[in-house]
Amino acid sequence: MITRRIALGAGLAALGTPLVAAQAAAPFRGDQNAGWYRFRLGAFECTVVSDGQITLAPAHPTFGGTVATEAEVQAALRGAFLPADRVAAQINCLAVNTGREIVLLDAGLGPSPLFGPGAGTLATALRAAGIEPAQVDLVAFTHAHGDHAWGIADAAGRDVFPNARFAMTAADLEFWTAESGLSLPEPMRSLVAGTRDVVLPRRARFTTLAPNSEVAPGIRAIASPGHTAGHVSYHLESEGHRLLVLGDLANHHVLALARPDWPFGFDADPALASTTRRRILDMASTDRLQVLGYHFPFPGLGHVEARGQGFGFVPSPWRWG
Ligand SMILES: [Zn+2]
């Protein structure tokens, strides 16, 4: 009996070798397209712009700490069809054109090799999306960690956003630029040093951001402390449409949601971070509020639903218009 599979194979073989050889001669490219995704939020035009990704390895105890075993973390990753030994963390910045100004929420890692290769693509992604970095009026930060703040300077220390003002909470601005931080053990010392390098030369352009204040009409900073003392998320609202930009409130679309009680290695106050995580995810779930996860799979947009002991992430479909 001739099966369909055998018949197809015979058909392909009949095409002969020259075509196969010609295809094999084309070199693999190995590159990727610039990561940007545009959507409307009421009167705002929003664009998720990718700074690439960083890799956190091993996955445990960076995720789970001493609360979860390595086997539990690996099982959660395998259950989501993800590699069990490492976590790829996307870097999803958000450019918001409010009609009056362009506000960028977090600025990516920039050229630093501290978290491995694969990051530093933000300016390329912005330009590919038709936004010149010089057009950015305000960069508002969720917090002062390197993968959120260091992208304001290039490898030579020059301005990436030469016309921008900067906004950060006083708690983060003070802690992460204090000279005393240079005496902290690693990796804290490097994180402080890197933030000092990019912030201090631009300190006069920084305004301190009060939690629960607006950085621009319709873009409000929401206190979400724990990951850092001054960490904020951003609530966007325009013409009744809402979006919650989580920042590092939840650092993985599976692990941080399924088990909000599992600590994350870079949380300054793990107990407070866990309490804040559960409280705000619960609010997002109850209010059916769309969220943007900074380290979630690009472009990071979706909804949170109550699931098991925690939450699940339901990605929003790509919209073409
Ligand atoms: Zn981060």
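The structure is a predicted model, in which local features need a pLDDT of at least 70 and side-chain atom pairs count only at pLDDT 80 or more, whereas totals for chains, interfaces and linings use all residues. Residues are numbered from 1 along each chain as its sequence is written, and side-chain values use heavy atoms, with hydrogens and water left out.

Side chains of opposite charge can pair when their charged atoms come close. A salt bridge is taken here as a side-chain nitrogen of Lys or Arg within 4 Å of a carboxyl oxygen of Asp or Glu, and 13 salt bridges are found in the structure. Three of these pairs are described below together with the accessibility of their partners, for which buried means under 20% relative accessible area, exposed means over 50%, and partly exposed lies in between (1.4 Å probe, protein chains only).

The side chain of Arg 189 forms a salt bridge with that of Glu 186, with a distance of 2.8 Å from N to O. In this pair, Arg 189 is partly exposed at a relative accessible area of 32%, and Glu 186 is likewise partly exposed, with a value of 47%. A salt bridge also links Asp 85 to Arg 86, where the distance from N to O is 3.7 Å. Asp 85 has a relative accessible area of 40% and is therefore partly exposed, while Arg 86, at 41%, also counts as partly exposed.

In the salt bridge between Asp 261 and Arg 259, the side chains meet at 2.9 Å from N to O. Asp 261 is partly exposed, with 30% relative accessibility, but Arg 259 is buried, with a relative accessible area of 18%.

The cysteines were examined in turn. A disulfide is a covalent bond between the sulfur atoms of two cysteines, and the criterion applied is a pair of cysteine sulfur atoms within 2.5 Å. Zero disulfides are found in a search of the whole structure. Cys 46 takes part in no disulfide, and the nearest cysteine sulfur to it, that of Cys 93, is 14 Å away.
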